[in-house]
Structure formats: structure tokens, C-alpha cells
Amino acid sequence: MALSESGIFSGDINCTDPGKEEESKDQAKTPTARVLTLEEQQRLNGERALVSDFKQMKLEKEAQKNWDLFYKRNTTNFFKDRHWTTREFEELKACREFESQKLVLLEAGCGVGNCIFPLLEDDLNIFVYACDFSPRAVEFVRQNPLYCPDRCCAFQCDLTKDDLMENVPESSVDVITLIFVLSAVHPDKMKLVLENISRVLKPGGFVLFRDYGLYDHAMLRFKSGNKLGENFYVRQDGTRSYFFSKEFLAELFEKTGFKCVANDYVLRETVNKKEGLCVPRVFLQSKFMKPVS
């Protein structure tokens, strides 16, 4: 359940992440949220009506089906490979005691493998557990020519209810990535995801997080009738997206027993040449540690 990038990240120009005509400019990290224009404030303040409870229940019930249909439509051609992870998250290298030490990674929400396969190519001393909500996405991972059971274990998992320890040993993982994953989960169930991943993470291990930030352009483009709750929206294809404030995210992780190491907004401008648009993107990039004691 990850979203597309161009450069480092591209985006959700049409709320379904076409991304392929987009170019991203330099990013800047900041501890404060993006300041809205008056027009943007009025637009958000005007969105008061929520999707009906019946439709919200239907979306929750059909969440897996909607993501599976997403991968059926787009197969492996939608997202670009992520070659930026070791640059953005030095823990993928620094958490080793010695260079040849094998690193055990869990990518929670692996999609079709756009993150794990560049990592497996770049780092021979890494073993990756990879899971996704969509059975079709997991099958695409397993069919990839680079997939090797000696170095990677891919499995289907609903992180809100399926016990990760059925596939991953308890306290065995050094690093967990949550990259454009938690935003697709209903806010009421996000804590369940964090409790689940915490059980397989070693004490002293890290969770590396990147996802939609508050007031991202994608959030401002949703029209009336797409709002599910505060900072929570549904796209035309039935997939959902939450937009995180750093305060909400920090509280969520800390309530689950994690310690916040870093938590910043990432501000970018993305150019869509086809539409002649230059739009503000906001992401939240964070690191949390599972305490040793």
C-alpha cells in the first residue's frame, strides 16, 4: 500500500498518483506544518459533510478488494523503484555493529517490491521480510526475477488483525519500514498496526516512517463527498488516505511504547509538465525506536 515517486517522491496530482509526468524539486525538512493560503483555508473549512456511515463501513469491508483491484489495473508498472532509502534512512547502514553483519528488515506494506529489490541489489548482507494487504501485490513480488527465498520472504498480511509472528519470529527484526502504508489504514486501527510490528522488532530496533503530511496538495484536491473524517479521505477507486500531523503521529507511536528519534515535515514542489502545474507536496518523515528495556 505504497504510493509512487518521481525523483525522491512524486505524488497524487489526480488523487490516484499518476506521477509519471512529474519532476520533484529539492526538499526541505521543517518542524512546523505548511502554512495554508486563505483560499486553501476556505476550501478545507468548507468540507464539513462526511461520507455516510454505511459507505464508510462498506469501504472498510472492501479495503483489501480495492487495493487488489488497484494492482490488477496497474500491475508492476505504476511505481518507480526506490533507490533513495539508504540515503534518507542511515539506520539501514548505521545500526550494524560491523559492516558484514546481516541486517533483517521488515517492509510492512511492500506493494510490488519497489523498495525491497533495490535494497537487495545494493546490500548483499540483508534479509527482507515483505508483506502486503493485497494478495496480488505479494504474488508480483514472488514472480520478480530478483526474488530469492534465501534472501526474502514475502507473504500476505492484514496488519490490523493478522499476527506477524506467524511469519516473522518475535523480536527478530532490526529495522521496519512503514513507507506510504499507515495512511491507507483507518485511524482507529493504526495502533493495532504498531502493536503488531512492535512484537517482531528487536529492542533498540528502528521503525522508519514516511507518509502523507498535513496540508499536502493531494489533501487539498479532494472534492466534496470524499471526506471520511478529520484528515481522512477516499479516492475515486475506493482506496483511502490519511494525512498526518507530526503531533498525531508522535502520540500514536508513543502510546504504543516507541521513542521518537526524529519527526519532521518534508516540503517539496512537484512539477507536472503535462498539466503545467507546480504544486506543494508535504510528507512526514520520522524515526522511532523500540526501547531496550
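**Entry 1: the largest pocket**

I looked up the largest pocket and found 18 residues lining it, with E60, A63, F133, D158 and T160 nearest its centre. The elements that give two or more residues to this lining are α2 (53-61) and α3 (63-74). I note that the model is predicted, that local features need pLDDT of at least 70 and side-chain atom pairs pLDDT 80 or more, while totals for chains, interfaces and linings use all residues. Residues are numbered from 1 along each chain as its sequence is written, and side-chain values use heavy atoms, with hydrogens and water left out.

A pocket here is an open set of points on a 1 Å grid over the protein atoms alone, where a 1.4 Å probe fits, with protein on both sides within 12 Å along at least five of seven lines; lining residues have an atom within 4 Å of a point. Its volume, the space filled by probe spheres set on the points, is about 250 Å³. I sorted the lining into eight nonpolar, three polar and seven charged residues; Asp, Glu, Lys and Arg count as charged, and Gly is among the polar ones.

**Entry 2: strand β3**

I turned to β3, residues 103-108. Helices (H or I, at least four residues) and strands (E, at least two) are DSSP runs, numbered from the N terminus. Are the residues of β3 buried or exposed? Six of its six residues are buried, that is, under 20% relative accessible area with a 1.4 Å probe and protein chains only; exposed is over 50%, and partly exposed lies in between. L103, L105 and E107 point one way, and V104, L106 and A108 the other.

Strands pair if DSSP finds at least two bridges between them. β3 pairs with β4 (residues 126-132) in the parallel sense over six bridges, and V104 has F127 as its bridge partner there. The chain gets from β3 to β4 through helix α6 (residues 116-122), in a right-handed β-α-β crossover. Right-handed means that the path from the first strand over the helix to the second runs clockwise, with the strands pointing away from the viewer. Three bridges join β3 to β6 (residues 173-179), also in parallel, and L106 is partnered with I176.

**Entry 3: two single residues**

I found T30 in strand β2 (residues 28-30). T30 counts as buried because its relative accessibility is 14%. Its side chain makes a polar contact of 3.1 Å with that of T32; such a contact is a pair of N or O atoms within 3.5 Å, one able to donate a hydrogen and the other to accept it.

L192 lies in helix α8 (residues 190-200). L192 counts as partly exposed because its relative accessibility is 38%.
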